[in-house]
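Subject: Structure for you to look at

Hello,

Here is the structure I promised you. Please open it first, then read my notes below with the model on screen.

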Amino acid sequence: MSVEPANPVAAVRAVLPSLTPAAQSIARLILDDPGLVVRSTITEFSVVSGTSEATVVRTARALGFSGYSQLRFALAAAVAKEPERLVPGDLGPDDPLTDVIAKVARAESEALADTAAQLDPDQLGEVVTAISEARRVDVYGVAASGLVAADMSQKLLRIGLSSHPFSDAHLALTSAALLKAGDVAVAISCTGETPDVLVPARTAAEAGALVVGITNNPRSSLAALADHTLVSAGRETAFRPGALASRISQLLIVDCIFVGLAQRRYDTADAAIRATRLATDRYRNR
C-alpha cells in the first residue's frame, strides 16, 4: 500500500531528477501549474501533456501516489489549504524587483516549511546519536553545498566535536580512506548525484564509517548509499542555480542536528561554547 506524500508539490520536485524523460515532462507540467491537474480529468491531462493515460498513471505512481485520482485529490487539498503556494510562474527576465523580492521570499519560506514537514525525527535522532559518539566527523560538499558543509563543521567544532569540511574531491578522498568504524561522514548534495561528494561518501562507507546524506532527492545515489538520509526541500531555477532555497533548507537540517547535539551534550557543549566565545572576545579586544 502506497503512502501518499504530505506535500505533493514538494514530492514531485524531490523525485524529478530520478524520473524517466516522459515522466519528467509530466512532472514539470505539474510543477508549472498544479491547478491544471485539479481541473483536468486523466483524459484531458494526457492530451495536454502529449502522453498516454497509461503514462500518466505510471508517473503518478512513480511520484508516490496510487494513481492519477489520488494525485489530483492531493493537489486539490493543497490548493484549498494554501492556494497561494500553487500559483504557477517562476522568476522571469523582465520581472520587476518587487516581484523578485516576493517570489524569492516565498520560495525560501516554502523551502523551510517543506523541509520541516518531511524531516524524520527518528532519522534525525539517530544521526545526532551517531555524531555525538563519533571519533571524528568528515563533511563533504562542493559549490553551494560546500558552504553548508563549512557551516556544519564550524558548528560542530564550536561544541567541542572533531570535524573537518572538504570541498576538494582529492582531499575528501584522502580523509575518507582513513575513516573507520565509529566515525561519521556527512555528504551534502542537492541532487544526490554530485561525483565529488558521492565518491568520498562511498569511500568512507567502504572504510567502515557511518554515512549521513543530506539531499533533496530521496531516490538519489547518495540516499541509496547513506545509512541515514535527511531530505531537504527547495528548487533551483535558471535564474537561481545553487538557489538559496536549496541552501537554506540544508542549513535548517544542519541547525536541527546542531541543536540536538547541544541538548544531548549540554554540559560539554555549554563549556565549549563559553570557551570559544571567550577566546574570540579576547582576540577582538586585544
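**What I found**

The protein's secondary structure comes to 14 helices and five strands. Helices (H or I, at least four residues) and strands (E, at least two) are DSSP runs, numbered from the N terminus. This is a predicted model, where local features need pLDDT of at least 70, side-chain atom pairs count only at pLDDT 80 or more, and totals for chains, interfaces and linings use all residues. Residues are numbered from 1 along each chain as its sequence is written, and side-chain values use heavy atoms, with hydrogens and water left out.

**Overall**

Of the 286 residues in the protein, 45% are buried. Buried means under 20% relative accessible area, exposed means over 50%, and partly exposed lies in between (1.4 Å probe, protein chains only). Now take contacts between residues at least 6 apart in sequence: 70% of them join residues at least 24 apart. A contact means heavy atoms within 4.5 Å.

**Helices α1 and α2**

Two packed helices are described by the angle between their axes and the distance between the axes. Helix α1 (residues 8-15) packs with helix α2 (residues 21-32) at an angle of about 140°, and their axes are 10 Å apart. Axes are lines fitted to C-alpha atoms, for helices over the stretch in contact, and angles run from 0 to 180 degrees between N-to-C directions. Which residues make the contact? On α1 they are V9, V12 and R13; on α2 they are A27, I30 and L31. By class, that gives five nonpolar, no polar and one charged residues. Here Ala, Val, Leu, Ile, Met, Phe, Trp, Tyr, Cys and Pro count as nonpolar, Asp, Glu, Lys and Arg as charged, and the others, Gly among them, as polar.

**Helix α5**

In α5 (residues 53-62), T55, V56, T59 and A60 are buried. They cover an arc of only 140° around the axis, so they sit on the same side of α5. The arc is that of the directions from the helix axis to the C-beta atoms. R58 and R61 are exposed, on the face turned away from the buried side. Just after α5 comes G64, with a positive phi of about 105°.

**Helix α10**

The buried residues of α10 (residues 169-177) include A169, A172, S175 and A176. Seen down the axis, the buried residues fall within an arc of 130°, so they line one face of the helix. H170 and L171 are exposed, on the face turned away from that buried side. What covers the buried residues? The cover includes β1 (137-140), β2 and α11 (195-206). D168 caps the N-terminal end of α10. One of its side-chain oxygens lies 3.0 Å from the backbone nitrogen of H170.

A143 is found in helix α9 (residues 143-158). Its phi is near 55°, a positive value in a residue other than glycine. Is A143 buried or exposed? It counts as exposed, because its relative accessibility is 66%.

I159 is in the loop between α9 and β2 (163-166). It counts as buried, because its relative accessibility is 1%. Not counting residues up to four places away in sequence, I159 touches F258, L261, A262, R265, A269, A272 and I273. I159 and A272 are 113 residues apart along the chain, yet their C-alpha atoms are separated by 5.0 Å.

S220 is in the loop between β4 (210-215) and α12 (221-225). At 2% relative accessibility, S220 counts as buried. With residues up to four places away in sequence left out, S220 touches T191, G192, E193 and T215.

Best wishes

Terms used:
A polar contact is a pair of N or O atoms within 3.5 Å; within protein, one must be able to donate a hydrogen and the other to accept it, and residues adjacent in sequence count only if both atoms are side-chain atoms.
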